[in-house]
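Please open the model in your viewer and keep the selection tool at hand. The stops below tell you what to select next and what is there.

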Amino acid sequence: MAAVDHNAPVEAAPSPHRAMLRRALAHGGVTIGAGLLLIIIVMAVIGPFLIAHGPYDQDLTARLVPPIWMEGGSWEHPFGTDQLGRDYLARLLYGARISLMIGFGTVFIAGTIGTVLGVAAGYFGGRVDMVVTFLISVRLSTPLVLVALAVVSIVGGSLQVVVLVLGLLLWDRFAVVMRASTMQLRAIEYVTAARAIGCSTPRILTREIMPNVMNNLIVVTTLEMAHAILLEAVLSFLGLGVKPPTPSWGLMIAEGREVLLFEPWLITIPGLALLTLVLSINLVGDGIRDVTSPEDR
Amino acid sequence: MVTDPPTTAHPVLELRAVSKVYRVQTTMFNRPRDLRAVDDVSLQLHRGDVLGLVGESGCGKSTLSRLLLGLEAPTSGEVLIDGKPMTGTSIRDRARRIQPIFQDPYASLNPRKTVADIIALPLRVHSIGERSDDAKRVTEMMDRVGLPARMLLNYPNQLSGGQRQRVAIARALVMRPEIIICDEPTSALDVSVQSQILNLLMDLHDEFGLTYLFISHDLSVVQHIASRVAVMYLGRIIEARKSTQLFADPLHPYSKALLDSVLTPEIGMGLPETNLGATFPNPIDPPPGCAFHPRCGHAMQRCHKERPPTLREGSDRVECWLHDDLEAEQTRAVDAQRSTAATPDTV
């Protein structure tokens with residue numbers, strides 16, 4: 001037995017989290033994705049305070065002003081105006097808020113439902129697993145867009161309704177992934193050890209299982225957030241998402257559709273914004289998967 | 001000896017005819033069948049015993065350890081600790097008296113917790129002592145198992161296999177249990193580290209007066225540390241004797257084959273021939289009569305039809321028709337010894 005030197009300095013012990021953070025910063029996808037995402041979030045939060053125009057302010061004398069890089073553009077409206085003379089940059093920035101709210105709100109609801117169902121199914125197995133697996137199968141055989149369309153057209157579209165409907169529909173991937181990763185851990189020896197020590201089931205779930213399935217949860221969260229943002233755009237494009245004066249990127253594309261051939265920037269600007277947001281979220285998600293997987297040996 | 005408290009008369013851990021049967025549904029349309037993972041096992045461990053439990057993989061060793069820890073309930077039979085039946089008591093109640101050490105120290109420590117948190121977990125769960133004393137108890141325990149105190153805040157992935165196993169041992173011992181179930185505690189470690197961990201386990205055995213159930217397939221390890229050895233085959237204990245006797249003169253043909261299968265470092269010996277054949281019988285569909293007869297070189301007519309008798313009492317036993325007479329003789333001898341000797345014999 002080695003002699004114990006109590007006076008030895010405490011070794012600089014990077015925690016798994018800190019080691020992971022270091023790996024994440026070295027990962028190209030994560031840095032680019034997180035950087036873009038951060039820029040979008042910052043712009044969505046403070047952007048509207050920095051520009052003179054409101055997203056609802058109409059100016060019928062300045063309709064369909066082209067953006068600054070096109071002939072006839074001016075610094076008054078850097079991204080131009082739409083058919084009602086509303087400043088496109090202001091609408092884009094407010095639209096970012098809507099998209100982010102939809103993204104975060106949806107994954108919060110869906111993540112809670114899916115994680116509870118998935119972890120319960122994975123840990124308890126047996127009957128619980130059978131019921132959850134059945135629910136997942138039902139959900140997977142439900143045509144997502146059709147159900148969302150039907151519900152929104154009955155209840156009426158608003159930000160809250162869209163978040164709620166998407167949240168209640170998009171939990172399946174959370175449940176599937178959480179179930180699989182919990183199952184792997186259920187029989188692992190540190191969980192058995194915790195049971196043999198006499199830990200209660202809630203304690204095992206929160207202290208032994210959850211911290212070790214968190215990586216997977218984060219990856220699914222990012223992917224589903226992107227999914228929700230795209231679905232909202234689809235619903236709004238079809239006229240069943242958020243209500244018209246609200247500046248949603250999907251709605252902006254829908255409104256620009258009429259003048260697609262003459263003023264294509266009305267579609268390309270919100271389209272590019274949507275692409276950038278979804279791409280950055282996916283980059284972060286994929287990156288987190290890359291960064292965390294070597295730790296699972 | 002007369003002044004001994006009455007509890008010492010009981011074996012500290014006893015299994016009485018314990019069986020565990022799993023219902024197995026092989027395909028969706030078949031009727032479920034029974035798998036007897038542990039079949040009518042009786043064992044006694046007295047204070048200070050080190051009982052080696054050996055057998056092939058799949059013979060039920062690990063199920064037995066799960067039954068002892070209370071992670072599974074036996075289908076029939078009883079587990080007794082200090083003479084008190086454990087049937088119906090919660091895992092929490094028995095956790096303070098019986099703790100496991102697992103095979104793989106890479107899987108038995110939560111990678112998201114520090115060494116201090118891992119070792120202190122039993123103290124927190126059972127509210128032993130003040131929270132502020134945890135650190136003191138933990139460092140004390142780490143010292144005992146040979147871990148420097150500076151590793152208190154390290155994470156398992158920063159430790160070597162041997163160090164991890166020391167952490168697992170510290171966690172098992174921090175509540176001062178009486179019985180430790182060691183489930184192949186060295187088989188996942190480097191050979192150079194194995195002996196260190198074994199020596200540590202034996203030091204702790206003496207220091208804390210522990211009782212070990214030592215599950216292993218490594219016969220040399222068992223020979224080195226066990227005072228008694230039980231050989232398991234298809235869920236049954238087929239031979240249980242004093243370690244020195246069993247290693248000197250195995251009675252059951254299966255024990256013989258197991259001992260013969262140990263690799264020796266002598267040059268030119270080649271691989272040992274055990275005559276066991278390659279087929280391990282399907283535990284869902286065990287052979288009739290003696291479960292070992294299809295692989296046994298001494299199988300007689302009787303072995304195909306009748307199962308050799310199980311002996312529950314006495315410390316020596318062999319479950320084999322070859323030794324039918326011998327066994328009866330021995331039990332009589334042991335019984336006679338027991339009735340005359342006033343000291344409870346721990347053998």
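This is a predicted model: local features need pLDDT of at least 70, side-chain atom pairs count only at pLDDT 80 or more; totals for chains, interfaces and linings use all residues.

Begin by selecting helix H3 (residues 88-124) of chain A together with helix H10 (residues 249-256) of chain A, whose axes come within 8 Å and cross at roughly 135°. Here helices are DSSP runs (H or I, at least four residues) and strands are runs of E (at least two), numbered from the N terminus, while axes are lines fitted to C-alpha atoms, for helices over the stretch in contact, with angles from 0 to 180 degrees between N-to-C directions.

Residues are numbered from 1 along each chain as its sequence is written, chains are lettered from A and ligands numbered from 1 in the order in which they are written, and side-chain values use heavy atoms, with hydrogens and water left out.

Next, colour chain A by pLDDT, the predictor's confidence in each residue, from 0 to 100. Chain A averages 83, and 93% of the residues score at least 70, but over residues 1-11 of chain A the value stays under 50.

Now select Leu166(A), Ile209(A), Trp249(A) and Leu277(A), which touch the most other members of the largest nonpolar core, a set of 69 residues. Such a core is a set of buried Ala, Val, Leu, Ile, Met, Phe, Trp, Tyr and Cys residues joined through side-chain atoms within 4.5 Å; buried means under 20% relative accessible area, exposed over 50%, and partly exposed in between (1.4 Å probe, protein chains only). Helix H9 (residues 201-237) of chain A gives this core its largest share, 14 residues.

Move on to chain B, where strand S1 (residues 13-24) and S2(B) pair in the antiparallel sense over nine bridges (two strands pair if DSSP finds at least two bridges between them). S2(B), residues 33-45, is mostly covered, with ten of its 13 residues buried.

Finally, select Val79(B) in strand S4 (residues 76-81) of chain B, which is buried with a relative accessible area of 3%. Val79(B) touches residues including Leu13(B), Val18(B) and Arg94(B).

How values were computed:
Contact means heavy atoms within 4.5 Å. Lists of a residue's contacts leave out its neighbours within four places in sequence.
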